[in-house]
Amino acid sequence: MKLTVAIIGTQWGDEGKGKIVDYLTEYADFIVRYQGGNNAGHTIFIHQKKTILHLIPSGILHSNKICIIGNGVVISPKDLFSEISKLKKSNINLENRLFISKGCSIILPYHIALDIARETKRGKNLIGTTGKGIGPVYEDRVARRSIRIADLEDESNLRDSLKELSDYYNHQLVHYYYTDSIPYKKVLQDLISFKDELLLLSSDVSNMIIQGIKLNKKIIFEGAQGSFLDIDQGMYPYVTSSNTTSGGIFAGTGIGPHYLGYVLGVVKAYSTRVGFGPFPTELFHDENDYFFKKGKEIGSTTGRRRRTGWLDIMMLKKSIIVNSITGLCLTKLDVLDELSEIKICIGYKNKINNNVVLDTPCSIKEWNRIIPIYRIVNGWKKKTLGIKKFNDLPFEAREYIRVIEDLTGIPIHVISTGPDRNDTILRMNPFNF
Ligand code: GDP
Ligand code: IMO
Ligand code: MG
């Protein structure tokens, strides 16, 4: 039996983490976010009702579960409270269920303006960020000047530190990026207007988690983004600014590695990416249109069309190592239903000299130099949407799953056959592993 389960994206995000976190919340007590911010978009369908969560953990739709935001998460107060009020309108009770670390850094309007101005200045080399100020707020954090929730407790200090940041950023915005300045007074007023509510939600969450574990509470750590967007392990610089991989849990919540029992790697049955950067198995034209339409591949945070491609086993193997993955969850299997053949990338070769490349590359230059080697497997051309038992899957779909298990050496414990909470096959409950 395991007390803690991490649910991590193994690709470039949007693997269906939100759906799986919501599904497994039934077996948990606490659901904890540990990094990222409202750049995330986690979609949950329950009886056709759609909810997209950006900052609040995906356990919130179960009425009696505790949702926690760890110190590694960055918070935009305005977006947090708008998400809270949307949930309240849907009759979700949040009373004594949502707790936020005082160590979270606050996203200010300066961060958002800088994020957008920098992307514009990058021109054709842009990263394709979500424009939510994520990069700039994490920069402040590392530079030891960010405003954290705890700083709201001392208003006089808050005024001083915000003034310093304000002068620094307005100088950049006006004199370097040639955009408008943002009035300090307005930013301060807005921040103060959220102060009481934010402080009411805040607490020592790392202690809560440790105490919870001691009382045998079951905990899900909900990853945001995906492993190849990790600031250290991803395709730098086409990454986000946090540690999206399982290592981020420890710094982002304050618990040690000893406490992590199981890591569930969520992998789409194919690949998608929003934003720019290398994508070895990327598809174009009709094949891309197929995944875009059948998989409804539109970004849940920015509404951008997601790029699509075949499943990349080389990347998946790397994710398995980086995250210490125990078992996999294969999502969106139903999206492959109409294909007569399916490609799986099982290796790379150098496109200049045709030499086989044995590992995932380390630099963008090397990523751009490789092309995939595919294994082709048969499609099933039957409907899998909504199937709940493994043995009810068509033979070829079971074969696809077996091939992925063989190639990675990791069991697929959970299979998702549709967007709804119940469109799920649970072969092994991670908490019972
Ligand atoms: P996340 O960021 O990892 O939580 O994923 P997103 O919510 O951004 O994107 C996943 C999308 O796929 C959402 O629209 C989900 O409703 C949908 N989805 C999740 N699992 C399945 C599945 O098994 N089949 C289908 N067809 N859609 C799914
Ligand atoms: P979820 O949790 C997919 C991508 C952006 C961009 C890069 C940097 O829903 O899987 P940022 O705004 O973070 O500085 O952007 O990261 N990105 C995501 N892509 N899913 C996400 O979250 C993402 N969050 C950020 O598109 O390429
Ligand atoms: Mg998403």
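Is Cys67 buried or exposed? The model is a predicted one, and in it Cys67 has 0% relative accessibility, so this residue counts as buried. Cys362 lies at the other end of the scale: its relative accessibility is 74%, and therefore it counts as exposed.

Neither cysteine is paired. A disulfide is a covalent bond between the sulfur atoms of two cysteines. The cut-off applied here is a sulfur pair within 2.5 Å, and by this rule the model has zero disulfides. For Cys67, the nearest cysteine sulfur belongs to Cys104 and is 14 Å away. For Cys362, the nearest is that of Cys345, at 17 Å.

The second topic is the ligand site. Around ligand 1 there are 19 residues, and those that come nearest are Lys17, Gly41, Thr43, Asp334 and Ser416. Thr43 also places a polar side-chain atom 2.6 Å from an oxygen atom of the ligand. Asp14 has a polar side-chain atom 2.9 Å from an oxygen atom of ligand 1, and Lys332 has one at 2.9 Å from a ligand oxygen. Of the 580 Å² of accessible area that ligand 1 has on its own, the protein covers 93%.

Two elements each give two or more residues to this shell: helix 1 (17–25) and strand 3 (42–46). In terms of domains, at least three shell residues come from domain 1 (4–102 + 202–264) and at least three from domain 3 (267–432). Sorted by class, the shell holds nine polar, seven charged and three nonpolar residues.

Technical notes:
Residues numbered from 1 in each chain as written. Chains lettered and ligands numbered in written order. Predicted model: local features only at pLDDT ≥ 70, side-chain atom pairs only at ≥ 80, totals over all residues. Heavy atoms only, no water. Near = heavy atom within 4 Å. Polar contact = N/O pair within 3.5 Å; in protein donor to acceptor, adjacent residues only side chain to side chain. Areas by Shrake-Rupley, 256 points an atom, 1.4 Å probe, with all protein chains shown as cover. Helix = DSSP H or I, 4+ residues; strand = E, 2+ residues; numbered from the N terminus. Nonpolar A, V, L, I, M, F, W, Y, C, P; charged D, E, K, R; others polar. Domains from an automatic or database assignment. Buried < 20%, exposed > 50% of the residue type's maximum accessible area, 1.4 Å probe, protein only.
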